[in-house]
Amino acid sequence: MSLLISVHHKFGDFILDAKFEAPKGLTVLYGRSGSGKSTIINAVAGLLRPQKAQITVGSQVLQDSDARTWVPPHKRRLGYIFQDSRLFPHLSVAGNLDYAARASRRSIDTAHRAQVIDMLDIGALLARRPIALSGGEKQRVAIGRALLADPQVILADEPLASLDGARKAEILPYFERIRDETDIPILYVTHAVNEVARLATTVIALEKGKVLRQGPARDVLSDPRARPMGLGAVGAVLDAVIKAHHDDGLTELDAGGAAFFLPHVAQPIGAKVRVRLPASDVLLAHQRPSGLSALNIVSGQVEAIQNTSESGAIVTLSTCAGPILARITQRSVRAMDLRVGNPCCAIVKTVAIASDLGTDLA
Amino acid sequence: MIATLGFSPTEWQAIGLSLKVACIATVFSLPFGIFVAYALVRWNFYGKHFLNGLVHLPLVLPPVVTGYILLVIFGVRGPIGSFLQDWGLVFAFRWTGAALAAAIMAFPLMVRAIRLSLEAVDPKLEQAAATLGASRSWVFLTITLPLAVPGILAGAVLAFAKALGEFGATITFVSSIPGQTQTVPSAIYALLQVPGQEGAALRLVAVSIVLAMGALLFSEILARRASKRVDGA
């Protein structure tokens, strides 16, 4: 089942004009605040009615402004996870979880309910009121409530934005599990690049109401021209497999034959992980350097050089691990005489990878 | 006699009638009060300001004017009164009329209290309920109404206390017939017209104070309990 969205909406000076498909898996709407992410997600939910739109989930038309079709929110079968959780304060956790079933006069699927409660580890909270929950617990209950609504699409509007680092790390794995264990398309709004890198199957990069670029997470994040969150968030995303846990506390990853070392990753050998290498943390060298503290050195060829400002540039290397981006000065490009096709080495500090994934790998 | 607490049968009748009138007035006006308050808070419609003004009119009009208007409209020859008479419902010079007058006079207070509590209900929670498959009426019954319960209770008790004390519109609309339309305030007024009845009047004054004070305290306790339940503290 996939989600087809074409929205045109104008309010004041802002014009949202976006068209994309969200396939199975997790599609991230990625961009700054004011780029139109929330407008799109609320249009899918039916909480906002765009002037022109075609929105379809699987075979069900949610809105078609040409045919004057508009399904009200309560008939859309949604699972909407809000940033501020929006649990009902007068109901217990159990009452919140069962709200959707009661509202649509469905009998509660006890097996599914038990499974969701178990997955989110909220069994001990069922009798409590939302006010007695921590931020992370609230959000877990909100996720459970959305899943138990028997949704045909899951919407998440910056679900981690109001949580601190440790709480974010607590919630992220649940989204991975929903992505991997269900067939329900998930539309996820965020401006945090590490959430995109870790969760996204598909990325829709939005800027000022327009789709800047769309495609698989790896392609969009590795494209130096698509940078909805500015240069600081540009960086390559590598798919890697955990190869070994070493005695000195480091974990060795294998990405297409290249070895990467990270501080201990609490996952078993063979587990797939995603690693983001921020372009600003990557150094370039002609030859494999010696006598250097950095552990991660990958050789490759210069694939593209993109000038990003008067003095800066982003160099894309093609390596066996995939494209790696380095943000350096144009002076360095000239000094090293970098040209497309030249062999080159990328150097990444272990700590740089770790710090970007810090919350993820805690 | 201890059982009568020194009240005469007429005075007992006035107390009983007052309580009956206030209860009926509160119970029957509450659904309208909730509806009007909800409409004023959540809906945008033509004539909203007019409705708001109309609801508040009894608060600012002289009660005697309100009573007279009721007499004109609901009297046996009034446009609504004659129609209702065919259905066997008579208001003028009956205790039902006293209840109607009390309800109309208490309505602005009730609507104000309910309106405040409805305004405090976060529309985002109602949106969340809609995304979970709840229709508008279900959202209202399961989210809006329970969250507004403290204000609704406070509004109801306030209206009850106001209905107990209503005098001007009542005496104009239904007069002060002992045993039929004579409520506590009209009984006090009647007693004060007769020399030497100050003692009886004073006893009813004390009753008024106790009832009103009790209602206010009760509303306070209810509101506190309900808000505890709603906040989950």
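1. Helix axes are lines fitted to C-alpha atoms over the stretch in contact, and angles run from 0 to 180 degrees between N-to-C directions. Helices (H or I, at least four residues) and strands (E, at least two) are DSSP runs, numbered from the N terminus. The model is predicted: local features need pLDDT of at least 70, side-chain atom pairs count only at pLDDT 80 or more, and totals for chains, interfaces and linings use all residues. Residues are numbered from 1 along each chain as its sequence is written, chains are lettered from A and ligands numbered from 1 in the order in which they are written, and side-chain values use heavy atoms, with hydrogens and water left out.

2. Chain B contains ten helices and zero strands. Its C-alpha trace spans about 70 × 45 × 30 Å along the principal axes.

3. In chain B, helix H2 (residues 48-60) packs against helix H5 (residues 95-119) at an angle of about 125°, with the axes 7 Å apart. H2(B) is therefore oblique to H5(B); angles under 35 degrees count as roughly parallel, over 145 as roughly antiparallel, 65 to 115 as roughly perpendicular and the rest as oblique. The crossing of H2(B) past H5(B) is left-handed, a term used if the near helix is turned anticlockwise from the far one by less than a right angle.

4. On the H2(B) side, the residues meeting H5(B) are Asn52(B), Val55(B), His56(B), Pro58(B) and Leu59(B). Their partners in H5(B) include Ile104(B), Met105(B), Phe107(B) and Arg112(B). Contact means heavy atoms within 4.5 Å. The residues of the contact of H2(B) with H5(B) comprise nine nonpolar, two polar and two charged. Here Ala, Val, Leu, Ile, Met, Phe, Trp, Tyr, Cys and Pro count as nonpolar, Asp, Glu, Lys and Arg as charged, and the others, Gly among them, as polar.

5. Helix H3 (residues 63-74) and helix H4 (residues 79-86) of chain B have axes that come within 4 Å and cross at roughly 50°. H3(B) and H4(B) are therefore oblique to each other. Val72(B), Ile73(B) and Phe74(B) of H3(B) make the contact with Pro79(B), Ile80(B), Gly81(B) and Leu84(B) of H4(B). The contact of H3(B) with H4(B) has six nonpolar residues, one polar and no charged.

6. Chain A is divided into domain 1 (3-229) and domain 2 (235-361), with bounds from an automatic or database domain assignment. The C-alpha centres of domain 1 and domain 2 of chain A lie 32 Å apart. In chain A, 18 residues of domain 1 are in contact with 17 residues of domain 2.
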